[in-house]
Amino acid sequence: MRYYRLRMDERIKHRIEPVPLSSLSIKSGMQMTLSQEEDAPLFLAIQLHSQSMFPDFLEYPVPLVSNRMKALLEKYVPGMEWRAAILTDMKQARQEVYWVLRPPKEDCSSDSTERYPDRTLKRLVLQYRKDLPPIFQIAEVMEPYIFINLALAESLLRRSFIGIRLERVEVESKEGTNE
């Protein structure tokens with residue numbers, strides 16, 4: 001099975017960028033919880049310009065998806081938890097609703113995965129597993145990277161989503177060698 005890291009396309013000029021959050025706000029935005037208080041909408045400030053573009057995927061400060069992309073992802077993972085994120089420009093009095101992407105976390109990194117001394121990823125290699133969901137995060141990785149399988153990647157690419165890049169991830173073969 002092939003897997004891809006879902007990334008924001010940095011080549012898009014004039015894309016909106018939310019104001020950075022504190023690390024505490026990022027953790028609360030990504031946590032899986034059923035608490036109503038923590039599932040209240042996340043408000044993020046943005047600054048719009050005359051040529052500002054709203055991509056369908058934002059990687060920072062937390063993974064955010066548009067309503068259109070959320071609808072497609074719900075077809076692949078119906079029970080996935082979501083948290084609304086309201087992107088607000090106070091000067092122009094404009095708001096857009098995005099959704100914090102909170103896919104399931106999986107223990108699936110291979111022993112071949114390499115890390116820097118600070119425990120960040122140097123080279124990621126996934127274990128060969130057939131039971132991975134279509135979209136997931138890796139539990140033992142510090143970075144909030146989002147990974148998708150080939151079927152979901154093809155489905156995203158068939159539609160006119162804006163601001164998405166896919167980066168292929170190495171996967172161990174059944175015999176334990178890297179593909």
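Helices (H or I, at least four residues) and strands (E, at least two) are DSSP runs, numbered from the N terminus.

This is a predicted model, in which local features need pLDDT of at least 70 and side-chain atom pairs count only at pLDDT 80 or more, while totals for chains, interfaces and linings use all residues. Residues are numbered from 1 along each chain as its sequence is written, and side-chain values use heavy atoms, with hydrogens and water left out.

**The whole chain**

Of its 179 residues, 47% are buried, that is, under 20% relative accessible area with a 1.4 Å probe and protein chains only, as against exposed at over 50% and partly exposed in between. Among contacts (heavy atoms within 4.5 Å) with a separation of 6 or more, 67% are between residues 24 or more positions apart.

**The helix pair**

Select residues 67-76 and 150-158 next: these are α2 and α3, whose axes come within 11 Å and cross at roughly 150 degrees. The axes are lines fitted to C-alpha atoms, for helices over the stretch in contact, and angles run from 0 to 180 degrees between N-to-C directions. The two helices are therefore roughly antiparallel to each other, the class for angles over 145 degrees, whereas under 35 counts as roughly parallel, 65 to 115 as roughly perpendicular and the rest as oblique. On the α2 side, Met69, Leu72, Leu73 and Tyr76 meet Ala151, Leu152, Ser155 and Leu156 of α3. By class, this contact has seven nonpolar residues, one polar and no charged ones, with Ala, Val, Leu, Ile, Met, Phe, Trp, Tyr, Cys and Pro taken as nonpolar, Asp, Glu, Lys and Arg as charged, and the others, Gly among them, as polar.

While still on α2, pick Lys70, which counts as buried because its relative accessibility is 14%. Beyond its neighbours within four places in sequence, Lys70 is in contact with Val65, Trp82 and Trp99.

Four bridges join β12 to the antiparallel β1, where Tyr3 has Asn149 as its bridge partner. Strand β11 is also antiparallel to β12 and joined by two bridges, with Ile135 opposite Ile148. By contrast, β10 and β13 (residues 164-171) run parallel, joined by two bridges, and Leu126 stands opposite Val171.

**The five-stranded sheet**

Finally, select the open sheet with the order β2-β5-β6-β4-β3, whose pairing is mixed. Here β2 (42-45) and β3 (57-58) are the edge strands, each with a single partner, so one side of each has no neighbour in the sheet. Strands β4 (residues 64-65) and β6 (residues 94-102) run antiparallel and are joined by two bridges; Leu64 has Val100 as its bridge partner in β6.

Key:
Two strands pair if DSSP finds at least two bridges between them.
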